[in-house]
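Subject: A structure for you to explore

Hi there,

Here is the structure I promised to pass on to you. Please open it next to this email and keep turning it as you read.

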Amino acid sequence: MLRSLLFLPGNNPNLIMNGGILGADGIIFDLEDAVAPDEKDGARILVRNAMKALDYGSVNIIVRINSIDDNGYWKADLDEVIPLKPYMIMPTKVSDAGYIKQISAYIDEVEKRNNMKVGSTKLIPLLETAIGIENAYNIATSDARIEAMFIGAEDLTADLQCERTKAGNEIFYARARIVSAARAAGVEVIDTPFTDVNDDEGIVIDAKYAKSLGFSGKASISPRHVNAINTVFSPTQDEVDYAYEVLEAIEQAKAQGKGAISLYGKMIDAPIVMRAERVIASAKAIGIAK
């Protein structure tokens with residue numbers, strides 16, 4: 001389960017060392033935007049060594065690699081981290097299905113060289129351009145490696161030539177488009193970070209809005225936001241209790257030969273049951289239900 005993903009600069013040893021205790025479901029070692037060109041090699045080595053030496057427990061490890069247009073750094077990134085079996089690789093500035101196919105083909109080579117099962121390395125493409133958003137479904141269905149999609153609003157709004165605001169009205173279309181594409185493709189979808197690290201109220205509002213649109217979780221650039229994100233994207237006890245009541249009610253309906261039944265005056269049918277099942281699955285994943 002990926003409620004929260006925390007970006008950690010690949011050249012920051014302190015954050016990398018403590019990544020497993022910052023509360024996020026997943027950490028993203030960033031070898032791209034957070035690292036200056038003259039520090040790329042050093043960051044890659046630091047991340048590689050950390051993945052070899054440190055135990056991050058149940059925290060999922062994701063590595064954001066450099067763009068395929070960026071001096072070939074991306075191949076060196078993959079050469080170093082793929083053998084260490086990260087949970088996912090995050091290709092950046094993904095524009096179309098061909099971009100993913102190029103990345104995937106090279107990962108095939110790396111996996112073969114390291115006697116790994118071909119296809120075992122999963123991808124979470126980062127869409128942060130207008131063309132990437134317009135191609136979202138084609139990207140989401142371009143390769144079996146894709147496990148999730150991720151929207152990056154900072155570069156996207158620059159490409160759209162509009163101001164990035166806290167309200168986020170300027171990215172409503174892009175958010176809706178990527179959620180629809182991901183759900184149609186059967187993969188998860190992660191929302192962009194809320195970048196005001198000092199606004200504790202704003203992150204809750206933004207996370208709730210993202211959840212209302214259908215996002216699976218949300219990324220963060222600050223450990224300060226992780227708890228709020230986890231709380232928003234976790235079911236409440238009331239939601240879990242109701243979900244179990246829904247499943248019990250539908251079992252009664254089946255026993256009576258009915259396809260639907262009323263619970264608290266509301267008709268319980270297949271879509272309601274699907275929502276209840278998702279709530280219970282989420283609750284089990286984070287240990288608040290059996």
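**How to read it**

This is a predicted model, in which local features need pLDDT of at least 70 and side-chain atom pairs count only at pLDDT 80 or more, while totals for chains, interfaces and linings use all residues. Residues are numbered from 1 along each chain as its sequence is written, and side-chain values use heavy atoms, with hydrogens and water left out.

**The whole chain**

The chain holds 12 helices and 11 strands; both are DSSP runs numbered from the N terminus, helices being H or I with at least four residues and strands E with at least two. Its radius of gyration is 20 Å, close to the 19 Å that the globule rule gives for 290 residues, so the chain is as compact as a globular protein of that length. (That radius is taken over C-alpha atoms, and the rule is 2.2 Å times the number of residues to the power 0.38.) Along the principal axes, the C-alpha atoms fill a box of roughly 65 × 45 × 35 Å.

Of the 290 residues, 48% count as buried. Here buried means under 20% relative accessible area, exposed means over 50%, and partly exposed lies in between, using a 1.4 Å probe and protein chains only. Take the contacts (heavy atoms within 4.5 Å) between residues at least 6 apart in sequence: 69% of them join residues at least 24 apart.

**The sheet**

In what order do the nine strands of the open sheet lie? The order is 5-4-3-2-1-9-8-7-6, and the pairing is parallel. (Two strands pair if DSSP finds at least two bridges between them.) Strand 5 (122-123) and strand 6 (126-127) stand at the edges with a single partner strand each, so one side of each has no neighbour in the sheet.

Strand 9 pairs with strand 1 (residues 4-9) in the parallel sense over three bridges, and A219 is the bridge partner of L5. Strand 8 (residues 188-191) also runs parallel to strand 9, joined to it by two bridges, with G217 as the bridge partner of I190. Between strand 8 and strand 9 the chain passes through helix 9 (residues 200-213), and this β-α-β crossover is right-handed. Right-handed means that, with the strands pointing away from the viewer, the path from the first strand over the helix to the second runs clockwise.

Elsewhere in the sheet, strand 3 (residues 60-64) and strand 4 (residues 88-90) pair in the parallel sense over three bridges. V63 has I89 as its bridge partner in strand 4.

**Two helices**

Helix 2 (residues 40-53) has 14 residues and reaches 20 Å from its first C-alpha to its last, close to the 20 Å expected at 1.5 Å a residue. (The expected span is 1.5 Å times one less than the number of residues.) Which residues of helix 2 are buried? They are K40, A43, R44, V47, R48, A50 and M51. Seen down the axis, these buried residues fall within an arc of 165°, so they line one face of helix 2; the arc is that of the directions from the helix axis to the C-beta atoms. An α-helix has 3.6 residues a turn, so residues three or four places apart point the same way. The exposed residues K52 and A53 sit on the face turned away from the buried side of helix 2. Among the elements that cover its buried residues are helix 1 (13-17), strand 2 (26-30), strand 3 and helix 3.

In helix 8 (residues 172-185), the buried residues are A174, R175, I178, V179, A181 and A182. They cover an arc of only 165° around the axis, which puts them on the same side of helix 8. After helix 8 comes G186, whose phi is positive, near 80°.

- S104 belongs to helix 4 (residues 97-113) and is buried, with a relative accessible area of 5%. Leaving out residues up to four places away in sequence, S104 touches D143 and R145.
- S67 lies in the loop between strand 3 and helix 3 (73-81), and at 8% relative accessibility it counts as buried.
- T236 lies in the loop between helix 10 (226-232) and helix 11 (237-255) and counts as partly exposed at 42% relative accessibility.

Enjoy exploring!

How values were computed. Expected span 1.5 Å × (residues − 1).
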